[in-house]
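The notes follow in the order of the look-ups.

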Amino acid sequence: MAFRIKQTRWLYVSLSILSLYLAFIITPVEASPPVITPVLSSSQPTNGLEQGRNLYQSGRFAEAVIAWQTAAQQYHTQGDRLNEALSLSYLSLAQQELNQWEVAQQSIEQSLKLLQTNKPSADAILWAQAFNTQANLQLHTGKAETAIESWQQAQKFYEQAGDKMGSLGSQINQAQALQTLGFYRRSKQQLEVLTQKLQGMPDNEIKISGLRSLALALEMIGDGNSQQLLEQSLAIANKIAAKPQLSSILISLGQTAVDLQDPNMAFDYFEQAQLLATNPSDQLQARLAQFKLFLDYDKPELATPLAPQLLQQLRELPPSHISLYAAINFVGILTLNRQSNPDQIVPLKDLAQLMAVTVKSAQQIEDAQAEAYALHQWAKLYRRTQQISEAQELAQKSLDIARKLQANDIIAQSAWQVAQLYKQQGDRSKAITTYTEAVNALKALRGDLVAINPDIQFSFRSSVEPVYRELVDLLLENQPSQAELMQARELIEALQIAELDNFFREACLDRTQQIDQVDPTATVIYPIILPDRLTVILSKAGQPLRSYVTHKSQAEIEQTLDNFLVALNPVSDSKDRDRFSQQIYNWLIRPAQAEQAFINTKTLVFVLDGRLRNIPMAALYDGKQYLIEKYAVALSPGLQLMATRSLNQNHLSAIVGGISQARAGFSALPAVESEIKQISKAVSSSVLLNQEFTSQALAERVKSSSASIVHLATHGQFSSRLEDTFLLTWDGQMNVKELSELLKNRGSDPSKAIELLVLSACDTAAGDDRAVLGLAGLAVKSGARSTIATLWPVKDQAAAILMTRFYDQLRQPKITKAEALRQAQISLIRQNDFHDPFFWSGFVLIGNWT
């Protein structure tokens, strides 16, 4: 029994979060090899197992592979099948770290086959570890459902072996795998149960690791308890003097403080982590985190003294997976930071030399992925010094290695770099081809769960979005062909999806639809803001794509948009408002109108870009009329994300919930009661008001009811930050992931999906130019075919009138949702009290407008 305990203690000490390019996942509680003790009496290859463990812990995975292959062969020669199986299980782990997925699969399959053959004598702990390793592989190769089944098997065997922490670790992994499948509500429920189980355990190192793992998992789903759990694990680590754990916990707390934009607190945590680190790796990670913090907050005077120390430490570390990525990360931090010149902190020649050594070290230990990343960073340095041919050669080498590895994360970065260099040299054709390869790699990453190294962190705005935009810019140069217009339109839609993936930290479903299959009387408008111009693409059923260009700088365009938003305030000068509104109308609508492109068009559908998302299209003014007076208006994140089914007006029924009283620091909404009363008269309704409107009650009502409409009149906020996008219920805030999963809680039957979700008192976060992502994200992820919401807080009396009129219209035969909203908005325009666009134009329809 002592052997099993020793195994498990090491098994759960090392826990980490890895970041994907677009979607974020949590790595499983690691099934890493424990302190090695032979299962049977034969001891000759034990040194090989022990050596492999030490190499694995220090990040020297290629060498660990050799050690465990040798041990497996020696045990095979001795006829010791169980220790051979153990060696193969560990071998699979090391191969996974090197992204050698096929051979890792072969190793674990062989291990399980040996255990099956020797079933009577196989120890339960061996089965548990093998299934844990198999599940780890399945999760990292995109088979989350199968991984859950394997972890359930591992849990069963850990319980047979009396290993409580092994069982808990397997359950944590199952909860994390549920997140990769999008089941955040179920995952959170499981994690809460596991937290309670851990709280009841005695304070020890395993409890510390479990709490930290749970904290990191909860952080990824936007749960505020993550910091509290980290602090609790820190307190226990201090109490029992678990020094090896302290630095990793402190680094996690520091990263949490960075996310909360508290640099002073983050610095304190990183400094403590550095002082308490018991191994060079943790000390280095803490120093690198400090270094990045200084540069991110424009403190080069603090970063500069630290840089030579880091450089020296990186030069002295023996080659390993960990040291290679630390070096790449160090150079990446300097080259990605836009607020300081890296040459003023570390001479570029020293950084180039470090990358040259890193490339050689990567070749030495056969870490091809690290070699590709190092070549990529090295090429960036040459590009800074305008050594274009050298940069091209290195970037091309990085891309060639990435292609051989089929590593889409590296292909995306390296192909982008090569494309930029082609563009810089004026080779438009090769640039477009290579940009397209980079975009295709990014698309492939959407559902790919092969994790990028934790030390290589990518920002969506700096590493993903520009790839799409730079390619669109190239395609729309001069007089684009139909093929180029089509590719640009598809890219803008793909970018919208990528932004939603990034917002939700998981891949959204996409269902491609053609506009003429949805509504032949609609015209889709794609305005695209480029650095030196605004290009508008028009898509109409049965017609070639059209495009129009306005040559103005991005800064000038965005300033006009900002001015218009400010002028929408009722206390502003209406002449300013009309002037800015007419300017935007002239950019987006008038050129197409002049060519009579809108003949037979009833609905204008906007796929908006950048800051245009915050602009109410209905309020665009032609000098005499608002756009809504001529056309119904709808928004779409892209036709790829739109369901085609229309609302059945003959069977309208609704779940109507809301809060009229002041609650949780939010002001009262007295008109909500009359709004709910009027809606209940218009459609058959099940009502949840004030105290009745809890998250649990709403969940139960949605699940049990067949209502096609969910109407929620309560405070809420949309933000570009997942954590700040929420809806207020009587018992607290419900974040957007919880709400979207709740609304999808009708099973997989498409006929039971919510047809229309209405949020009549929510608004977008002030000063957030991407806040509508939260709204668009909810519209897509909730499974609702259409969503109506407000871009800013609207007077509740105006909202009540508009919503009552909307439902009256919606009952009319053959009327679309967009037209019903249009008629409701026109009714407010014609009222003296609410004719100002502020009161009616903030209401937007997203999704299916029919």
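Predicted model: local features only at pLDDT ≥ 70, side-chain atom pairs only at ≥ 80, totals over all residues.

Phenylalanine 267 is partly exposed, at 24%.

I then examined how these two rings are arranged. They form a tilted aromatic pair, with 5.6 Å from centre to centre and 40° between the planes. Phenylalanine 267 belongs to helix α13 (residues 263-276) and phenylalanine 294 to helix α14 (residues 280-296), 27 residues apart.

Next I looked up tyrosine 325 and tyrosine 373. Their planes stand at 70° with the centres 5.9 Å apart, so the pair is edge-to-face. Tyrosine 325 is in helix α16 (residues 321-336) and tyrosine 373 in helix α19 (residues 368-384), so parts 48 residues apart in sequence are tied together. Tyrosine 325 is buried at 0% relative accessibility, and tyrosine 373 is buried at 3%.

I noted 18 aromatic pairs in total. Ring pairs also join Tyr56, Phe61, Trp68 and Tyr90 into a cluster.

I turned to the cores. The largest nonpolar core holds 195 residues, and Phe291 and Phe330 have the most contacts inside it. Another core, of 48 residues, lies apart from it and includes Trp101 and Tyr158.

Last, I checked helix α12 (residues 243-259). Its 17 residues should span 24 Å at 1.5 Å a residue, and the end C-alpha atoms are 25 Å apart, which agrees. Of these 17 residues, 12 are buried, among them Leu246, Ile249 and Leu253. Glutamine 261, which follows α12, has a positive phi near 60°.

How values were computed:
Residues numbered from 1 in each chain as written. Heavy atoms only, no water. Core = buried A, V, L, I, M, F, W, Y, C linked by side-chain atoms within 4.5 Å. Buried < 20%, exposed > 50% of the residue type's maximum accessible area, 1.4 Å probe, protein only. Helix = DSSP H or I, 4+ residues; strand = E, 2+ residues; numbered from the N terminus. Expected span 1.5 Å × (residues − 1). Phe/Tyr/Trp six-rings, centres within 6.5 Å; stacked < 30°, edge-to-face > 60°.
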